[in-house]
Structures are given as C-alpha cells and as structure tokens.
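Thanks, I will keep this short.

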Amino acid sequence: MNRNGANVARAMCALLSVFSSIASGQVTAGDRSVRHEIFPNSVADNYLRYLQTVGKVPLYPWSSRPFSQRELSKLLPKDSVHPWAERFEETPWGNGGVSFGFIQPATSLRFNSAFPYGFNDGPVWAGRGLTSSLQAGFFAEWGPVTLTVAPMSFRAENSDFDIIATGRPGAAAFGDPNFVGVDRPQRFGNSAYTQVDPGQSTLRVDFPFVMAGASTGNQEWGPGQELPVILGNNAAGFPHLFVGTSEPVDLFIAKIHAKLMWGELFQSDYSSVTGPSRYFSRLEPGTKRFTTGI
C-alpha cells in the first residue's frame, strides 16, 4: 500500500466510526435520492447516455463530467420503463438531517496471457497474468453537502514478459524509453503489484448555480466515451480542488458552464522524470502565466 492508500485507509476508519455512531440511533429509510455511483465513464454513466439517445433522458452537454448532484437530479429518467430503472434508485437512511447509504460493491477479474493490457479502467493496472479489483464505499448527504467515499483496490499478478531495454539502472529499468519525460512504465517492478487508491472519493457542496469541493475522482473532458480527447478514466484520478457552476447558467444570449481546478500530480518510481511534484493548474515560477485546463 502506498502513502496515499494508507492515508485513505485511516480516513475511512475515522469516517466509518462517525457513521457507526449515527447508525446507533434510530434511523429510517428516507426519500428517493440520486444514485451516487454514476462516475465518469462508468457503466451507469454510459447507460445514462444511451438513454439520452432514445429520448428517456433530456438533451444535455456531456463533455464535462462528473455531473453535479443538481445535474443528476434533472438527468435521471422519470420513466421507469427501461431495463436498469432500479439502478438509479436508492432509499438512503437518515438521522438528524444526515442521509447515508452504501456504494454498490463492484469487482472484476481479468487475465492477460502475454503482456499487460487495460483500457479505461481507472487506477487498475492489468499486467500479464491475473488482475483482480474491488471497489466499495458509502455516501452521506447533509443539505447541500455530499460526501462520497469510493476507494478501489487491485492486485496485479504482474508476471514476467520481455520489455525494451532502457539502459537505466534500478527501478528506471522498467520505464519506457520511447516516451522520455512521460511516466509510462512498461512494467511495475518484477513482482506482484498491489495498490489501494482513493478512487472516486469526493467531498462537495452544491448550491444553485455554484459548486465547490475536493476530489480524487476521474474527470471526463470531451464528447467521446472511449476516447474523450482531454481527460478520461484511462488512469487514476488525482487529488484536486474545484469550483464552478453546478449547472449551465443562462446569460440570456448564451449559457455558460465552467469549472476551475487545482490539483497535484504524482509520478511512479519507474519514471525517468525527477524533481518536485507537478501541478495540474499552477502559476509558473518567474512568469505571469497561469497554466490550467478550460
């Protein structure tokens, strides 16, 4: 388990103890709420878009996700005559103004017989051999505040296969010589590889027109599902803060939907890049230039 995984594990234990104390009181099933596991490019997210093509979900821009809770409450189909109607329903428990429930656990097994291969699977790295993964967690809501804790753990058997020689010693020998300056290992070491990732965990506040929060979840920037062009879930998300509109704001002559993010990026031990952490949005030293994504 890496440093981030250990921190997440400690945070989960603390949060679980809090919700255990809440659950010790008298709680009852509450009103229907939106499904809290419609993560970017997840099966549920893709299905929601398919429903849009057949008219069961209103037309809406799909190029910036995850959606806010306000957006999801409008997008979820009112028509229950479709195969996964129950997938988008949940009856959370509540006590003292707090409602909470559990993320449906998801697990996967995959086997690569010759070399590593994976696609749009978030933090999972599927090496040669058997790779298993598990995602679970819970959510809680208190007024406009929503907490989603959805970590993912995986284990890759990471069996041996021929890699391109890098001419570098130690861990750097597993890097990719064809992508100098890019953290793209050919293999994560020479033994089984296990990791716990914070996954799609998010703490956010959604008000009319504006939202803000912190997250380690994936972002989906672009109109495509498999290849969204800018950001997607072909790798793990990164810790970031965000602020923006909670839904498109009508300016009479146009509608605007914006998000500003600041996040820190990390690199593996197998990267040829050395130096301090990289920042997704930052003021470049010695300049007046601000690097970000819009």
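A cavity here is a set of points, on a 1 Å grid over the protein atoms alone, where a 1.4 Å probe fits but cannot get out; lining residues have an atom within 4 Å of a point. Grid points are joined across faces, edges and corners, and a volume is the space filled by probe spheres set on the points. This is a predicted model, so local features need pLDDT of at least 70 and side-chain atom pairs count only at pLDDT 80 or more, while totals for chains, interfaces and linings use all residues. Residues are numbered from 1 along each chain as its sequence is written, and side-chain values use heavy atoms, with hydrogens and water left out.

There are two cavities of 30 Å³ or more. The largest cavity holds about 280 Å³ of space. Of its 23 lining residues, F39, P66, F67, T202 and R204 lie nearest the centre. The second largest cavity holds about 40 Å³, and its lining includes R168, D176, F179 and Y270.

Now the second largest pocket. A pocket is an open set of points with protein on both sides within 12 Å along at least five of seven lines. This one has a volume of about 630 Å³. Its lining numbers 31 residues, with S42, V43, A106, Q135 and M152 nearest the centre. Helices (H or I, at least four residues) and strands (E, at least two) are DSSP runs, numbered from the N terminus. β4 gives the most to this lining, seven residues, and α2 (43-53) and β5 (129-142) each supply at least two.

Next, the cores. A nonpolar core is a set of buried Ala, Val, Leu, Ile, Met, Phe, Trp, Tyr and Cys residues joined through side-chain atoms within 4.5 Å; buried means under 20% relative accessible area, exposed over 50%, and partly exposed in between, with a 1.4 Å probe and protein chains only. The largest core has 13 residues, and I38, L48, L72, L75, L76 and F88 have the most contacts inside it. α2 gives the most to this core, four residues. Another core of nine residues lies apart from it, W125, M152, A156 and F174 among them.

Last, the rings. Rings of Phe, Tyr and Trp (its six-membered ring) pair if their centres lie within 6.5 Å; planes under 30 degrees apart are stacked, over 60 edge-to-face, the rest tilted. The whole structure has nine aromatic pairs. Y60 and F67 are edge-to-face, 5.9 Å centre to centre with 70 degrees between the planes. Y60 is partly exposed because its relative accessibility is 21%, whereas F67, at 5%, is buried.
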